[in-house]
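Work through the exercises below with the sequence and the model side by side. Try each task before reading its solution.

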Amino acid sequence: MTKKEGRWMSVSIAAAVYFMFGQNALAMHIMEGYLPAGYCIFWGALCIPFLVYGFIKIRRIVSENRRSITLLAMAGAFIFVISSLKIPSVTGSCSHMTGTGLGAILFGAFPVSILGIIVLLFQAILLAHGGLTTLGANTFSMAIAGPFVSYGLYVLGKKLKWNQKVNVFVACSVGDLFTYCVTAFQLALAYPSETGGVAASMVKFLGVFAPTQLPLAVIEGLLSVVIVIALESYATPELKSIGFLSDTPVKGESVNE
Amino acid sequence: MDPKMLIFLIPAAALAAGILIGTLKAGHHSHHHGMFGHKHGEATVSIDMYAFQSALYSLNPMFKTIYAITLLMLSVCMNNLYVSVLILLLSTFIIVVLGKLPFSRFLNLMTIPFVFLIVGTIVILLDFSWEPAAGALGSVHLFNFYINVTKTGLTTTVLLWGKCLGAISAMYMMSLTTPSGELFTVLERMHVPSLIIELMNMMYRFIFTMMDTQSRMKNAAESRLGYKDYRTSIKSFGSTASNLLVVSFKKANAYYDALESRGYDGRMHFLQEEKKAPGRERVLAVLSVVYLFAVFFVLR
């Protein structure tokens, strides 16, 4: 390799590294216009039952206690804010939490599906992350699939009497990984590889997003642990006093006693 | 060059002329840079703020939304590169020339989804296989597999770039000219349940107060060696975030009291400016859509 070639090579590697590692982790939101119309409708339709049940649940929460509407709105704003904050990351890149896994643990999976779709809509309108046509697909992966896995694992861990910290960590990071896999699947299904079909395409999409998503899952888990522990030690009365948290497993007793 | 490309000539020239005139005019006024300082979360404010500053702010939000969504749908559903590029040119013209958003800001906003677009299309463009693919435009042998670029892959990639850019610009046409509050009213008129609208209105307001609180907490933590190394950063971030939730929950109660004392009965009423969609704009909008359909049927 001549000196000039070498320089070009290093520039291209730098560009590749920049795009791989420097990419905003919100890049996992499928962008506007990327999915063909059929898939937009398909994923959107798949979300409907979850959203309807989520809505029924939220309506029940609000009709039982009118005050909880501001709390629900705060919870939604909280998910938006923590997902828009730059989090400390090892590679120096700009990454963000998903926040929905933590939301599901704190507020329950069904309410989070409704809060999640609103957050995703805000992100599309206010930040241009994600999009209106891909809202269904993004809602399914980020506000339904991920949170449900997190919530399920968290409840399971509670039943199995796992250590609280381990439990939150596992629930949040596995939920995050699941979101990442579902998104890769959505992308692969829409754009299968010519020679290897959906499976090969999925491997490619998993591979290309792995450098940001794998460390992110670990960081998301760690941060969620820190947040939940801090909440349970400082805010048990708040969490308990709010009626709408009563049906979620966070009650505080398990850690404090 | 494909003679069909000539259809872009006039729209592109009009856009270029419009941008040029706009830039020259703006040159006489004061420069705006540095007006907000740099802080994270600025992006949240900026798109919405541009909407308030847009020259198209006074147009009827329902009209703008329907038009933008129509263009968005056309870009996604028609699968036609010419249509999508025309939509990109048209939306850029509307946002920059008619809406008077500085072109450089628009370009900055357009780069937000670029990373996804680049990564997402590289994956489609490059096909991996164990044997060299038949009819590949180019193919590289690496270890024991081949990386191929096929004609279909290339076509899909180019089409996808057009579609995504067309779609994102159409979406921007809506969000850069219509403030969120008005978009919620549009959703309400589309019969989204009022509870959801209520939640959206409240969440939208809380986001800003929360971000403000968070940035002050972050400053406080940093001034006390909060984010000094990686381990501490994780801890500081976590405790800031959890404290943010606690503080916000406490505020939420006070907010409800405030709402109730002002007669809140499950519906917040906002003053809506009466905004018209003049006949000329309507006719132009319909004509542009008809034109796109014509392009679609002629240049399939």
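The exercises go from one chain to the interface, then to single residues and pairs.

This is a predicted model, in which local features need pLDDT of at least 70, side-chain atom pairs count only at pLDDT 80 or more, and totals for chains, interfaces and linings use all residues. Residues are numbered from 1 along each chain as its sequence is written, chains are lettered from A and ligands numbered from 1 in the order in which they are written, and side-chain values use heavy atoms, with hydrogens and water left out.

**Exercise 1. Describe the secondary structure and burial of chain A.**

Step 1. Take helices (H or I, at least four residues) and strands (E, at least two) as DSSP runs, numbered from the N terminus. Chain A then has ten helices and zero strands.

Step 2. Call a residue buried under 20% relative accessible area, exposed over 50%, and partly exposed in between (1.4 Å probe, protein chains only). Chain A has 257 residues, and 58% of them are buried.

Step 3. Define a contact as heavy atoms within 4.5 Å. Take the contacts in chain A between residues at least 6 apart in sequence: 71% of them join residues at least 24 apart.

**Exercise 2. Describe the interface of chain A and chain B.**

Step 1. Count the residues. On chain A, 76 residues are in contact with 82 residues of chain B.

Step 2. Find the buried area, the accessible area (1.4 Å probe) that two parts lose on being put together, summed over both. The two chains bury about 6900 Å² between them, and carbon and sulfur atoms carry 81% of it. R67(A), M74(A) and L126(A) supply 11% of the area that chain A buries against chain B, more than any other three residues.

Step 3. Look for polar contacts: pairs of N or O atoms within 3.5 Å, where within protein one must be able to donate a hydrogen and the other to accept it, and residues adjacent in sequence count only if both atoms are side-chain atoms. Six residue pairs across the interface are in polar contact, both residues at pLDDT 80 or more.

Step 4. Locate the elements. Those giving two or more residues to this side of chain A are α2 (37–64), α3 (68–84), α4 (100–107), α5 (109–127), α8 (197–234) and α9 (236–241). α3(A) gives the most, with 14 residues.

Step 5. Sort the residues on this side.

**Exercise 3. How many residues of α4(A) are buried, and what do they pack against?**

Step 1. Check each residue. Eight of the eight residues in α4(A) are buried; among them are L102(A), I105(A) and F107(A).

Step 2. List the neighbors. The buried residues of α4(A) pack against α3, α5, α6 (135–159), α7 (164–190) and α8 of chain A, together with α10 (230–261) of chain B.

Step 3. Look just past the helix. G108(A) takes a positive phi of about 95° there.

**Exercise 4. Where do K275(B) and E182(B) lie in chain B?**

Step 1. K275(B) and E182(B) form a salt bridge, the closest N and O atoms being 2.6 Å apart.

Step 2. K275(B) is in the loop between α10 and α11 (279–298) of chain B, and E182(B) is in helix α8 (residues 180–189) of chain B, 93 residues apart.

Step 3. Check burial. K275(B) is buried at 9% relative accessibility, and E182(B) is buried with a relative accessible area of 9%.

Note on methods: Salt bridge = Lys/Arg side-chain N within 4 Å of Asp/Glu carboxyl O.
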